[in-house]
Amino acid sequence: MARRHDALFRRIEDQTDALVELTRDLIRIPTVNPPGDAYTPCAELLGRRLAARGFQVTYVRAEGTPGDSDRHPRTNVVARIEGQRPGRCVHFNGHIDVVPAGHGWTVDPFAGVVRDGRVYGRGACDMKGGLAAAVAAVEAILACGVPFAGALEISGTVDEESGGFGGVGYLARQGWFSPPRVDHVIIPEPLNVDRVCVGHRGVWWAEIETKGREAHGSMPFLGNCAVRHMGAVLHRIEEELIPHLAGKRTAMPVVPEGARQSTININAIHGGQEEDRDGLPSPMVPDSCRMVVDRRYLIEEDPETVKGEIVAILEGLKRDRPGFDYAVREVLAFLPTMTDADAPVVRAVERAVEQVLGRPAQRVVSPGTYDQKHIVRVGHLKDCIAYGPGILDLAHQPDEYVDIADMVRSAQVMAAAALDLLGA
Ligand SMILES: [Zn+2]
């Protein structure tokens, strides 16, 4: 067994240049989301490559999902290759979409610049480098002729950065991520080569609206100012909710440490006249103020309690504050998820990390969600983790990069873990 893995690991190292080239090719296709550009050519790049190695390749367009149109089709690709006899299936899933480049780059974000042992570009770390490493892992298994039972799958999916509804969410609803088709899923998100990510905190996004009544700005006492009402909401969030949330600690091994508690962010606030109006503003008492809150919560918390805490503040203000009225609209909600520590995929990847890196893996939980939520909740497949190269903090930043040596080592880990899971 050890000798066979030696050949496999050497093969992956020998193919480093091909791994770098694949990463660069993926970065050069600007799959920016929003709006969801160039998904089809990126899916086809993966599909063509894997078809040439004997994979059965299927393209799945998530018709009717948010953002899907003929101009921006939500094109996913799933590739599968069967082993020598029936058995279980290990699936590697990577999202092909990237967030917009933004500002502050010192290199072209879509050129795939290679420098100092790193590949730079938007998506290098999150997560085209990881997807390329998964491809390298599977290609090495095939090239070395390692016999295995069951099947290996690789998917390139869209829209992870906007909730995954047109990607893994859509595929999971159609059974692509459920037994008996798939048994174990590894998502090569950038969590560092020595970390196994078993899940994520929950998320509840809501838009809170405070309501008032318009009047002339010189006589505010004749109206009812929705922005002042929102000020009162913010005050209670600041004085009551944030200290309360800081006291809620989790047994989930969330990284970084600051996220090992319940948190809330105020994502946006809008009240009164639009800033992009023409001409000077007019004196008005605003009758509406809207705020989007981003609540991240723990596996120990009940989602109804999470919502109830916000509603209790609003109901309290309705009692205490004359003229206060409000509405709450849920924008997005995902439950926390955490794979069991002794689940097969967790143990297999931890063993492989120890074998490749010579030190124990660190078991972590992500502060934010990723596509595991759809696989667990919609696909009802619990044996799922995130493991991949790249430094989480670099995701979505200018001059994002992935370390080439890390890609190679993570590919070795993924190959060894897959063979372990398939009983090779
Ligand atoms: Zn990602």
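Student: Which residues of strand E7 point one way, which point the other way, and are they buried or exposed?

Tutor: First, note that this is a predicted model. A residue counts as buried if 20 or more other C-beta atoms lie within 10 Å of its own. In strand E7, residues 184-187, His184 and Ile186 point one way. Val185 and Ile187 point the other way, and all are buried.

Student: Which strands pair with E7, and in which sense?

Tutor: Pairing is read from bridges: two strands pair if DSSP finds at least two bridges between them. Strand E3, residues 85-95, pairs with E7 in the parallel sense over 3 bridges. Strand E15, residues 384-386, also pairs with E7 in the parallel sense, over 3 bridges.

Student: Which residue in E7 is the bridge partner of Phe92, and which residue in E15 is the partner of Ile187?

Tutor: Phe92 has Ile186 as its bridge partner in E7. For Ile187, the partner in E15 is Ala386.

Student: In what order do the strands of the open sheet with E10 come?

Tutor: The order is E10-E11-E9-E12, 4 strands with antiparallel pairing. Strand E10 (263-271) and strand E12 (325-334) each have a single partner strand and stand at the edges, so one side of each is left without a neighbour in the sheet. From one strand to the next, the twist averages 15°.

Student: How many bridges join E11 to E10, and how many join E11 to E9?

Tutor: E10 and strand E11, residues 288-297, run antiparallel and are joined by 8 bridges. Between E9 and E11, which also run antiparallel, there are 10 bridges.

Student: Which residues of E11 stand opposite Thr263 and Gly202, and which is the bridge partner of Asn265?

Tutor: Opposite Thr263 stands Arg296 in E11. Asn265 has Asp294 as its bridge partner in that strand. Gly202 faces Tyr297 of E11.

Student: Which strands does helix H6 touch, and which does helix H7 lie across?

Tutor: The thing to read here is which strands a helix contacts and the angle between directions. Helix H6, residues 226-246, packs on the sheet and touches strand E9 (202-211), E10 and E11. The direction of H6 makes about 175° with that of E10. Helix H7, residues 303-320, lies across E9, E11 and E12, and runs at about 165° to E12.

Key
Residues numbered from 1 in each chain as written. Predicted model: local features only at pLDDT ≥ 70, side-chain atom pairs only at ≥ 80, totals over all residues. Buried ≥ 20, exposed ≤ 12 C-beta atoms within 10 Å, placed from the backbone. Helix = DSSP H or I, 4+ residues; strand = E, 2+ residues; numbered from the N terminus. Axes fitted to C-alpha atoms, helices over the stretch in contact; angles between N-to-C directions. Contact = placed C-beta atoms within 7 Å.
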